[in-house]
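Please read it with the sequence and the coordinates open.

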Amino acid sequence: MSENHIVASFDNDMSKLESLFQEMGDIVLVQLKDATRALRKEDRDLAKKVVKGDKQLNELERDLNDLAIKILALRQPFAIDLRYVLTTLKSAGHLERMGDLTRNMAQRTRTIAKAEAETGPIETLIRMSKLVQGMTETILEAYKSRDGELAKKVRAQDEKVDMAHNSLFRKLVTYMMEDASNISACMHVLFIAKNIERMGDNIADIAKEIIYMTTGDWPEGKRAKSDKTSKIIFS
Amino acid sequence: MIIETKTSQAIQSNTPTIMTANNVDVFYGKKQAICNVSLNIPENQITALIGPSGCGKSTFLRCFNRMNDTINICRVSGEIKFSGQNIYDPKVDVVALRSRIGMVFQKANPFPKSIFENVAYGPRIHGLAESKDELESIVIRSLKRAGLYDEVSDRLSEPGTSLSGGQQQRLCIARAIAVDPQVILMDEPCSALDPIATAIIEDLMETMKEKYTIVIVTHSMQQAARVSQQTAFFHLGELVESGDTQAIFTNPIQERTQNYISGRIG
């Protein structure tokens with residue numbers, strides 16, 4: 001496709017939309033890294049910073065929504081431009097939800113840290129977080145470079161997050177069964193792990209949008225999912 | 001293997017075709033305006049021809065009822081079939097052909113006659129009514145089908161030119177359908193109308209397609225997207241891409257289509 005639109009202000013609006021999305025993505029990444037570090041270090045101040053940081057993400061999403069609606073109403077884009085605006089609008093909603101999940105992680109971390117409670121074995125949780133951080137970085141690159149193939153790879157990676165979540169679920173339940181006094185803190189850690197697993201799902205959904213954006217077709221078939229925690233029970 | 005194709009996702013293959021253009025070339029003197037265009041027109045659907053000014057879309061539209069015959073230097077080759085017959089066959093009665101394939105132009109052009117006579121003119125010269133009552137019933141039916149009757153029923157004897165622009169255009173549509181055509185060609189029928197009059201015509205087209213096949217040339221891509229089921233994009237006399245309207249406007253195959261509909265070439 002030719003680089004420039006006949007109407008230069010159309011290109012300006014589209015660039016602004018892209019930069020708002022990238023800014024949201026960058027903030028989500030920092031929020032996730034900080035929320036994970038706060039848990040690992042039981043750092044209440046850093047957790048507080050993450051909770052506060054979510055507000056900026058909400059404001060950016062509102063600005064992005066306003067701009068996307070303006071483009072749709074006033075520019076009436078077609079074809080790749082239409083798909084680009086819709087993908088950005090929907091994906092920004094996923095980023096905003098990821099922001100909510102990091103805020104919830106940080107709130108739970110503050111509770112755990114305040115109680116000086118034992119979190120149990122969280123190495124797997126840290127690994128889950130790093131996986132999702134990597135997926136977030138790659139999906140932002142795929143969006144920027146409009147690379148559907150890269151998005152496909154990211155979409156497939158979510159299965160690894162699910163598998164790590166299964167493993168962590170088993171470990172934590174075992175840990176709680178060993179000593180009932182661990183239950184309170186471990187329940188919070190379980191919810192934190194679920195938050196990270198949900199973030200992986202959000203990234204996979206953004207990947208699906210980017211595949212549609214670049215090809216005009218939705219990916220065929222269901223993506224591989226391995227979250228089995230809803231079927232695990234210990235007796 | 002990638003096969004080079006000009007056709008996007010085709011209209012459902014079970015839709016009957018009412019007209020077929022095969023390898024049509026049009027020349028104005030030595031200048032070629034249309035290059036080897038082939039296109040099927042699905043029955044009871046609306047086909048939109050889009051493209052920048054001078055791309056040949058109006059020239060191609062006028063091939064469908066041989067309106068280009070009126071231009072001395074214009075030469076058409078190739079084949080356009082209607083009901084299985086090549087309309088460019090020398091044996092074809094062009095007047096009869098144009099009663100089957102009517103036309104509505106960019107600028108409303110009512111005859112300098114009454115509203116009633118504007119619509120009655122066609123059926124009368126084609127001998128479609130055997131009595132005055134029958135003629136009146138054709139006029140009223142046509143005005144109703146054009147969505148105009150309720151607005152003019154009490155002033156049928158007033159001049160057609162006394163109507164508003166949008167009403168005049170609907171009068172021309174009534175005049176076109178009075179001779180009971182199968183296909184109606186529309187050459188930018190709303191370009192001189194305000195948004196409300198345009199919306200009324202678009203709504204009318206939606207109703208009309210139950211009985212007629214419509215081919216419309218429009219400069220408004222939004223209009224093409226709103227009203228048509230099939231869209232054909234022309235550029236520099238070539239048919240670049242044709243297919244299902246939704247597919248053309250969300251995911252066109254050809255880069256030139258992409259660039260035109262997204263405002264990157266004019």
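This is a predicted model: local features need pLDDT of at least 70, side-chain atom pairs count only at pLDDT 80 or more; totals for chains, interfaces and linings use all residues.

The points below take up a helix pair, a chain contact and a sheet in turn.

1. Helix pair in chain A. Helix α5 of chain A covers residues 148-178 and helix α6 of chain A covers residues 183-215. Their axes come within 9 Å and cross at roughly 170°. An angle over 145 degrees counts as roughly antiparallel, and α5(A) and α6(A) are therefore roughly antiparallel to each other. The crossing of the two is left-handed. Sorted by class, the contact of α5(A) with α6(A) has 18 nonpolar, 5 polar and 7 charged residues.

2. Contact between the chains. On the chain B side 15 residues are in contact with 16 residues of chain A. The elements of chain B that give two or more residues to this side are α8 (221-227), α9 (245-250) and α10 (255-261). The largest share comes from α10(B), with 4 residues. By class, the side of chain B that touches chain A has 5 nonpolar, 8 polar and 2 charged residues.

3. Sheet in chain B. An open sheet of 4 strands runs in the order β2-β1-β4-β5 in chain B, with antiparallel pairing. Which strands stand at the edges? They are β2 (31-42) and β5 (85-86) of chain B; each has a single partner strand, so one side of each is left without a neighbour in the sheet.

4. The β4-β5 pairing. Strand β4 of chain B (residues 74-82) pairs with β5(B) in the antiparallel sense over 2 bridges. Across from Gln85(B) in β5(B) stands Phe82(B).

Definitions and conventions:
Residues are numbered from 1 along each chain as its sequence is written. Chains are lettered from A and ligands numbered from 1 in the order in which they are written. Axes are lines fitted to C-alpha atoms, for helices over the stretch in contact, and angles run from 0 to 180 degrees between N-to-C directions. Angles under 35 degrees count as roughly parallel, over 145 as roughly antiparallel, 65 to 115 as roughly perpendicular and the rest as oblique. A crossing is left-handed if the near helix is turned anticlockwise from the far one by less than a right angle, and right-handed if clockwise. Ala, Val, Leu, Ile, Met, Phe, Trp, Tyr, Cys and Pro count as nonpolar, Asp, Glu, Lys and Arg as charged, and the others, Gly among them, as polar. Two residues are in contact if their C-beta atoms, placed from the backbone, lie within 7 Å. Two strands pair if DSSP finds at least two bridges between them.
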